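Morning, everyone. Please bring up the sequence and the model, and we will walk through a few features.

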Amino acid sequence: MDKKTLSLFPFTREASLNVQSLGVSLDALVEDDAFERARIRGKERVIEAIERGEVSKPLIFSDLHAEIELLSYPFARILVSCIGDSALIERFALAEAKGSYEKLKRLSSSKDDFALALAEDFSLNVSPAEESASATRRTGALAGQFKMHFTDFLRLSAGLSGLRWKLVNRDLRDGFVLLNRSEFLRLLQSAFYMKVRERLPLEVPAGIRHAVMKYTEEIKRVWERVKSEAFKRGSCGGEDMKGIMDVSCFPPCISRILSGLLAGENISHAGRFALTAFLLNIGMKPEEVMQLYKNAPDFNASRTKYQVEHIAGSKGTKYISPSCDTLRTYGLCVKEEDEICKEVSHPLKYYARKLHLKKRVRAKEKEGQGKREERLSSGVRK
Ligand code: SF4
């Protein structure tokens with residue numbers, strides 16, 4: 001692949017070898033003026049992932065431009081690693097994969113050799129199906145253009161919803177699953193995602209973390225804004241809930257589950273229960289909670305409605321969100337260094353305590369402001 005093409009698929013082995021051949025050290029990438037454009041583009045990659053859910057693939061007009069694009073990818077990986085929010089990492093990996101997939105989809109089918117070369121880069125056992133003509137007759141148009149070994153099929157389709165991704169529903173021949181072109185490309189997208197997700201978050205030395213702070217701080221602000229906007233959208237505007245719902249006071253465990261859900265992660269059953277019960281317990285309406293689940297990759301409106309209403313008490317029992325001990329058992333406690341977490345035994349107590357503290361801080365700020373204004377006006381009178 002030439003440099004321009006590689007820059008559109010920067011997570012491939014070949015792209016990584018190309019970056020190595022440029023001989024740019026980590027320190028240089030992070031600090032040298034010569035790589036400022038690569039750093040800015042790296043930051044843009046993460047911001048595009050947050051805001052659009054897809055990293056754009058610009059028109060590459062020169063080898064130099066391709067190098068900037070290639071170098072911006074490892075820099076973006078450093079940035080998401082420094083921020084260390086697993087929901088952000090997830091979103092970044094999905095968005096990188098989506099961007100490359102969309103680019104690949106737009107290529108004509110005469111470029112399928114290229115898609116096969118990408119599959120080879122990921123060591124996937126896939127090839128054109130020799131029996132494509134008979135398979136097409138039997139299973140319909142476009143069926144059986146490619147065949148993929150069932151182990152790769154199972155691994156790459158694991159996170160996909162829909163009956164066509166169940167092995168029992170597939171045409172299986174001698175251990176190979178027949179695929180049409182769009183299915184093959186969709187599975188390649190999963191391979192892209194897995195490759196980007198690999199080894200993240202990276203171990204980043206303290207000096208590098210410090211050097212990239214101006215980029216990470218900007219990304220964090222965008223990430224917080226987008227999460228809060230998505231939450232408000234999910235909660236039907238949020239205006240009528242001001243003062244009751246305060247996302248900034250949520251305990252770390254609930255924030256983590258919520259961020260994951262908004263980022264399109266597949267949340268465990270225990271995580272969904274904890275989040276749903278918590279939101280209902282603090283006063284959110286069942287239909288508002290349901291809106292949030294629209295982000296889930298396996299969203300099913302009627303099943304979600306049933307589950308949320310059940311937890312809300314439609315069958316007589318209104319469920320209380322699980323305690324910290326229970327969340328710990330399920331590996332959902334993420335307290336880290338949180339001071340309030342050290343003192344509470346229940347996420348609802350955490351929320352109440354933090355709301356109370358926030359109210360006190362606001363009251364003090366107001367009091368200070370009042371005193372300043374009083375001093376000012378008495379100075380004016382004198
Ligand atoms: S200590 Fe409790 S409130 Fe804090 S993160 Fe863990 S489970 Fe949540």
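Start with K147: its bridge partner in β4 is L178. Strands here are DSSP E runs of at least two residues, and helices are H or I runs of at least four, numbered from the N terminus.

Quick notes. This is a predicted model: local features need pLDDT of at least 70, side-chain atom pairs count only at pLDDT 80 or more, and totals for chains, interfaces and linings use all residues. Residues are numbered from 1 along each chain as its sequence is written.

Back to the strands. β2 (residues 146–149) pairs with β1 (residues 126–128), antiparallel, over 3 bridges. Pairing takes at least two DSSP bridges. V126 sits opposite M148 of β2. β2 also runs antiparallel to β4 (residues 176–179), joined by 4 bridges.

What does M148 contact beyond its neighbours within four places in sequence? Its contacts include L124, V126, F153, F176 and L187. Contact means C-beta atoms, placed from the backbone, within 7 Å.

Next, the core. The largest nonpolar core has 86 residues, and L79, M148 and I257 touch the most other members. Helix α5 (residues 63–83) gives the largest share, 12 residues. Such a core joins buried Ala, Val, Leu, Ile, Met, Phe, Trp, Tyr and Cys residues through C-beta atoms within 7 Å. Buried means 20 or more other C-beta atoms within 10 Å of the residue's own, all placed from the backbone.

Last, the ligand. Of the 13 residues around it, P251, C253, C324, C333 and C341 come nearest. Around means a C-beta atom, placed from the backbone, within 6 Å.

Notes. A residue is buried if 20 or more other C-beta atoms lie within 10 Å of its own, exposed if 12 or fewer, and partly exposed in between; C-beta atoms are placed from the backbone. Two residues are in contact if their C-beta atoms, placed from the backbone, lie within 7 Å.
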